[in-house]
Amino acid sequence: MLAEPRRSQAFVVAWAASIFAVSALADPRALSVATLAALLLFRRGALREARRVLVGVAPFALGLSVASWGWLALRGEAPPVSPFAALTLRTVLIAFVTFSVLRRVEILRALAPFPTLSRLLVLSLAQVHALRLLATESALGLRSRLPRRPRTRDVLRSSGAITVALLTLSARNARDVGDAMRSRGFH
Amino acid sequence: MHVPDGFLSPQITVPAWIAAAPLWTWAARRNFGASSTESLPVVGSLTALAFVVQGIMIPVPGGTSAHLTGMAILAILYNPGVAFVCESLVLLLQALFSGAGGFTVLGVNALAMGLLGPGAAWLAWRALRGLSGRVAAFAAAYAGMQVATGAVALVLGLQHRLSPAYMPVPLEVTAVATMVPSLTVLGVVEGLYTVATLALLRRARLLDAR
């Protein structure tokens with residue numbers, strides 16, 4: 001058993017190789033076998049990851065395939081369904097493997113050999129979290145100022161002021177994160 | 001205009017990674033070294049904002065999606081290299097945490113949406129900024145959107161040409177499905193978003209920190 005961060009790094013390398021290999025498969029039978037293998041390999045927590053894929057990725061991939069098939073069918077080409085099924089299955093399988101591997105690795109430890117990437121990733125993640133938090137707070141603030149549920153027009157009218165506040169606070173937060181990382185010898 | 005994982009084979013994704021990797025290294029070293037401390041807060045904020053606006057995606061036939069990018073503003077304020085690194089970060093975060101786009105297609109998406117699009121936006125901005133700042137910003141964002149969308153459509157068309165069994169949708173369908181919304185709606189909205197965000201950044205006095 002490898003120790004951290006080697007374990008996470010080995011996992012990330014194996015994951016990258018496996019998803020490139022899956023992306024080369026075009027035969028639905030081969031993809032079905034690969035899906036079964038992935039479900040067996042990642043059986044611990046498979047339901048949770050499968051649910052995440054079914055909610056977050058599958059509708060989009062399926063929507064793309066159905067819309068593309070529908071467009072071609074409308075042109076009178078009556079395309080076979082199997083390439084579209086393979087397309088969707090490939091996308092879903094890659095997402096399942098990605099989520100399952102990410103659940104098992106410490107991504108920032110795995111990226112330790114790339115300090116600039118780690119630094120930018122930490123900064124961006126911190127900003128995304130900060131923006132989400134601020135957006136929620138702003139929405140709650142808007143709701144509390146109105147006697148009724150805010151409509152689209154209310155949101156649009158206040159979006160300028162909210163965005164200014166978001167950007168100002170986000171920039172301040174980014175400066176704090178940058179200072180904290182610098183003080184810990186990150187860069 | 002993300003291409004999701006599984007829509008492009010390694011015949012395309014591996015060369016794209018090979019092309020993008022040295023550009024990432026060069027752009028990150030050039031723009032995010034020790035001297036970038038002052039600009040990092042604004043860059044971080046705009047990257048996060050781009051992550052948010054790119055999260056609203058509408059699937060379009062042919063293997064991609066329609067959404068804003070928010071990258072023209074980084075190309076205008078800084079340079080296409082900054083936009084390339086920031087867009088690649090946004091794409092990496094989306095691929096790892098929300099399953100949008102993907103890791104195998106990261107090189108293709110980054111080159112199209114992070115380099116070609118912002119590069120076109122930067123060139124349009126340089127050519128037009130003498131006329132009017134707002135017009136130049138709008139035109140830059142519009143041009144960037146069209147170039148990025150066109151590049152994605154071409155790559156998907158190339159995949160169909162290489163292997164119709166792998167990617168069954170031809171270029172004629174992909175090009176129409178991606179370029180029509182881009183030319184009529186998305187380009188305009190991206191232009192308005194860029195002009196409005198620039199005005200808001202000035203109002204918040206964040207550009208002083210650059």
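Tutor: We'll take a helix pair, then the chain contact, then the domains. It's a predicted model, where local features need pLDDT of at least 70, side-chain atom pairs count only at pLDDT 80 or more, and totals for chains, interfaces and linings use all residues. Residues are numbered from 1 along each chain as its sequence is written, and chains are lettered from A and ligands numbered from 1 in the order in which they are written.
Student: What's the angle between α1 and α5 of chain B?
Tutor: About 55° between α1 (residues 10-31) and α5 (residues 106-128) of chain B, with the axes 7 Å apart. Axes are lines fitted to C-alpha atoms, for helices over the stretch in contact, and angles run from 0 to 180 degrees between N-to-C directions. Helices are DSSP runs (H or I, at least four residues), strands too (E, at least two), numbered from the N terminus.
Student: And which residues of α5(B) make that contact?
Tutor: G107(B), V108(B), A110(B), L111(B) and L115(B). "In contact" means C-beta atoms, placed from the backbone, within 7 Å.
Student: Switching topic: how many residues of chain B are in contact with chain A?
Tutor: 47, against 49 residues of chain A. On the chain B side, α2(B) gives the most, with 10 residues. α1, β1 (58-60), α4 (80-98) and α7 (171-203) of chain B are among the elements that each supply at least two.
Student: Last one, where are the domains of chain A?
Tutor: Domain 1 covers 6-109 and domain 2 covers 114-183, with bounds from an automatic or database domain assignment. Their C-alpha centres lie 32 Å apart.

Conventions
Two residues are in contact if their C-beta atoms, placed from the backbone, lie within 7 Å.
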